[in-house]
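Here is a chain to explore together. Have a look at the model first, then we'll walk through some of its residues and helices.

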Amino acid sequence: MRVLLYVLFAILYLLTTFFGLGPVLFADGSAKERILTLIVVLLVYTAITVWMRSLLKRLGKH
């Protein structure tokens with residue numbers, strides 16, 4: 001079960017990196033727009049990490 005969870009979250013991290021950091025690095029918008037996108041992407045990374053840690057902690061108790 002843990003392996004499946006790691007695979008799922010690896011896919012989530014890869015999708016976030018591809019669709020989140022791509023616009024930050026390669027966008028031709030203003031610097032303000034790129035910074036705002038970066039902040040949102042970092043918040044998404046944080047949310048995914050917190051979610052993963054809570055699920056792994058819950059699995060570890062059983």
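Let's start with L21, which has a relative accessibility of 26% and so counts as partly exposed. That label covers values between two cut-offs: buried means under 20% relative accessible area and exposed means over 50%, using a 1.4 Å probe and protein chains only. Keep in mind that this is a predicted model, where local features need pLDDT of at least 70, side-chain atom pairs count only at pLDDT 80 or more, and totals for chains, interfaces and linings use all residues. Residues are numbered from 1 along each chain as its sequence is written, and side-chain values use heavy atoms, leaving out hydrogens and water.

L21 sits in helix α1. Helices here are DSSP runs of H or I with at least four residues, strands are runs of E with at least two, and both are numbered from the N terminus. Which residues does L21 touch, leaving aside neighbours within four places in sequence? They are T16, L38, V41 and Y45, where contact means heavy atoms within 4.5 Å. L21 and V41 are 20 residues apart along the chain, yet their C-alpha atoms are separated by 7.2 Å.

Now zoom out. The chain has two helices and zero strands. Its radius of gyration is 15 Å, well over the 11 Å that the globule rule gives for 62 residues, so the chain is more spread out than a compact globule. (That radius is taken over C-alpha atoms, and the rule is 2.2 Å times the number of residues to the power 0.38.) Along the principal axes, the C-alpha atoms fill a box of roughly 50 × 15 × 10 Å. Buried residues make up 16% of the 62 residues. If you take contacts between residues at least 6 apart in sequence, 69% of them join residues at least 24 apart.

Helix α2 has 30 residues and reaches 43 Å from its first C-alpha to its last, close to the 44 Å expected at 1.5 Å a residue; the expected span is 1.5 Å times one less than the number of residues. Its buried residues are V41, Y45, I48, M52 and L56, and what covers them includes α1. V44, also in α2, is partly exposed at 34% relative accessible area.

What makes up the largest nonpolar core? It has five residues: L5, F9, I48, M52 and L56. Both α1 and α2 give two or more residues to this core, and α2 has the largest share with three. A nonpolar core is a set of buried Ala, Val, Leu, Ile, Met, Phe, Trp, Tyr and Cys residues joined through side-chain atoms within 4.5 Å. Not counting residues up to four places away in sequence, I48 touches F9, L12, Y13 and T16.

A search of the whole structure also finds three aromatic pairs. Rings of Phe, Tyr and Trp (its six-membered ring) pair if their centres lie within 6.5 Å; planes under 30 degrees apart are stacked, over 60 edge-to-face, and the rest tilted. Here are two of them:

| Pair | Centre distance | Plane angle | Type |
|---|---|---|---|
| F9 and W51 | 5.1 Å | 75° | edge-to-face |
| F18 and F19 | 4.9 Å | 85° | edge-to-face |

F9 in α1 (residues 2-26) and W51 in α2 (residues 31-60) are 42 residues apart, so their pair links distant parts of the chain. F9 is buried at 1% relative accessibility, whereas W51 is partly exposed at 45%. F18 and F19 are both exposed.
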